[in-house]
Amino acid sequence: MFEGSFLGDAAKLADTDRLECGICWTVYDPAEGDPVAQVPPGVAFEDLPESWCCPTCDGPRTKFLRLDDD
C-alpha cells in the first residue's frame, strides 16, 4: 500500500514503474533494485517486502510516489 499515486492502488503500477520517496526524493528503480536492503534488480515496487523502507531516510513505502517519465 502507498498513499501517493493512484490513491494507493498498487494494481495500477507497472512492474517497471519508478517511484520516488516523498520525504527525501530517493528513487526506487526496479531495474536497479536496492543494494542497501539486498533487493535484486527486477523486483517491482509492489513486490518489495512490507518491511522495506527508503534506503536513504527510512521513510515508509507509503510515502513513495510514481514518477512520470513522460
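Where does T26 lie? T26 is in the loop between β1 and β2. Before I go on, a caution: this is a predicted model. Back to T26. Its relative accessibility is 18%. T26 counts as buried, because the cut-off is under 20%.

What does T26 touch, leaving out residues up to four places away in sequence? The list is L19, E20, C21, C54, P55, T56 and F64. Keep C21, C54 and F64 in mind. They come back later.

Now the cysteines. How many disulfides are there? The count is zero. Take C21. The nearest cysteine sulfur belongs to C57, and the distance is 3.7 Å. C21 is therefore in no disulfide, since the sulfurs would have to be within 2.5 Å. C21 is also buried, because its relative accessibility is 0%.

Then C24. Is C24 buried or partly exposed? C24 is partly exposed, because its relative accessible area is 22%.

On to charges. Side chains of opposite charge can pair when their charged atoms come close. How many salt bridges does the count give? The count is one. The partners are D17 and R66, with 3.2 Å from N to O. The pair links distant parts of the chain. D17 is in the segment before β1, and R66 is in strand β3. They are 49 residues apart. Burial next. D17 counts as buried, because its relative accessibility is 13%. R66 counts as partly exposed, because its value is 31%.

Now the aromatics. How many aromatic pairs are counted? Five. I will show two of them. One is Y28 with W52. The centres are 5.5 Å apart, the planes are at 70°, and the geometry is edge-to-face. This pair also links distant parts of the chain. Y28 is in strand β2, W52 is in the loop between β2 and β3, and 24 residues separate them. Both Y28 and W52 are buried.

W52 also pairs with F64. Here the centres are 5.2 Å apart, with 55° between the planes. Why is this one called tilted? Because 55° lies between the 30 degree and 60 degree cut-offs. Again the pair links distant parts of the chain: W52 in the loop between β2 and β3, F64 in strand β3, twelve residues apart. W52 counts as buried because its relative accessibility is 5%. F64 counts as buried because its value is 0%.

Which residues form the aromatic cluster? They are Y28, F45, W52 and F64. One charge belongs in this picture too. The charged end of R61 sits over the ring of F45, 5.1 Å from the ring centre.

F64 is in contact with T26. F64 is also part of the aromatic cluster.

Last, the backbone. Two residues to look at. Q38 is not a glycine, yet its phi is positive, about 60°. Q38 lies in the loop between β2 and β3. Is Q38 buried or exposed? Exposed, because its relative accessible area is 71%. D58 is the other. Its phi is near 65°, again positive in a residue other than glycine. D58 is placed in the loop between β2 and β3. D58 counts as exposed, because its relative accessibility is 56%.

To recap. Zero disulfides. One salt bridge, between D17 and R66. Five aromatic pairs. That is my tour.

Conventions
Residues are numbered from 1 along each chain as its sequence is written. This is a predicted model: local features need pLDDT of at least 70, side-chain atom pairs count only at pLDDT 80 or more; totals for chains, interfaces and linings use all residues. Side-chain values use heavy atoms; hydrogens and water are left out. Buried means under 20% relative accessible area, exposed over 50%, partly exposed in between (1.4 Å probe, protein chains only). A salt bridge is a side-chain nitrogen of Lys or Arg within 4 Å of a carboxyl oxygen of Asp or Glu. Helices (H or I, at least four residues) and strands (E, at least two) are DSSP runs, numbered from the N terminus. Rings of Phe, Tyr and Trp (its six-membered ring) pair if their centres lie within 6.5 Å; planes under 30 degrees apart count as stacked, over 60 as edge-to-face and the rest as tilted. A charge sits over a ring if NZ of Lys or CZ of Arg is within 6 Å of the ring centre and within 35 degrees of the ring normal. Contact means heavy atoms within 4.5 Å.
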